[in-house]
Amino acid sequence: MDFNCKSFIKHDDYMTPKYAWEDIQQYIPKDKVIWEAFMGDGKSGEYLRELGCKEVIHNDNDFFESNEGDILVSNPPFSLVKKIVPRLIELDKPFILLMPVSKIATQYFKDFKNKIQIMIPDKRINFIKNGNEKTSNCNFDCFYYCYKMNLPRDIIWLE
């Protein structure tokens, strides 16, 4: 496929299904202020509250100009990850980010070398497109990338 042609468009409007947050709910501290920094359709913040997070900040503030909460928990726009990672390094804030497996091998992720813990879902996450929960199967795998979360192991296989 010619990635320079007009028919190829980057889409960041794939939303996280509730089950993706349910799968890791035991690893999200409920007593901390959670920052879901990327608004999307607004449902991730609702889901995190439903899963017992007492305080969740989920607004439309600019991630690159903000620093909120104790822990960042999000499915960031994949097309912006190259800019998001340097901002995370600057913030030095604990986080759980749902991102494609391939991000671990990027040059811009190297600053987190030996500092990242990973949670691996037991099945591929099917993101929601245009509010349609029956969106076709996703064609890539994702990890939950964790920083300063003090997980019991560096790699956790979720069930």
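Colleague: Before I look at the cysteines, what does buried mean here?
Modeller: Buried means under 20% relative accessible area. Keep in mind that this is a predicted model.

Colleague: OK. Is C146 buried or exposed?
Modeller: Buried. Its relative accessible area is 1%, so C146 falls under the 20% cut-off.

Colleague: And C142, buried or exposed?
Modeller: C142 is buried too, at 6% relative accessible area.

Colleague: Switching to the fold. How many helices and strands does the protein have?
Modeller: There are 3 helices and 9 strands. Starting at the N terminus, the order is β-α-β-α-β-β-α-β-β-β-β-β.

Colleague: What share of the residues is buried?
Modeller: 47% of the 159 residues.

Colleague: Now backbone angles. What is the phi of D92?
Modeller: It is positive, about 50°, and D92 is not a glycine. Most residues other than glycine have a negative phi.

Colleague: Where does D92 lie?
Modeller: In the loop between α3 (81–91) and β5 (95–100). D92 is partly exposed, at 36% relative accessibility.

Colleague: What about the phi of N150?
Modeller: Also positive, near 50°, and N150 is not a glycine either. N150 sits in the loop between β8 (142–147) and β9 (155–157).

Colleague: Is N150 buried or exposed?
Modeller: Exposed. Its relative accessible area is 71%, so N150 is over the 50% cut-off.

Definitions and conventions: Residues numbered from 1 in each chain as written. Predicted model: local features only at pLDDT ≥ 70, side-chain atom pairs only at ≥ 80, totals over all residues. Heavy atoms only, no water. Buried < 20%, exposed > 50% of the residue type's maximum accessible area, 1.4 Å probe, protein only. Helix = DSSP H or I, 4+ residues; strand = E, 2+ residues; numbered from the N terminus.
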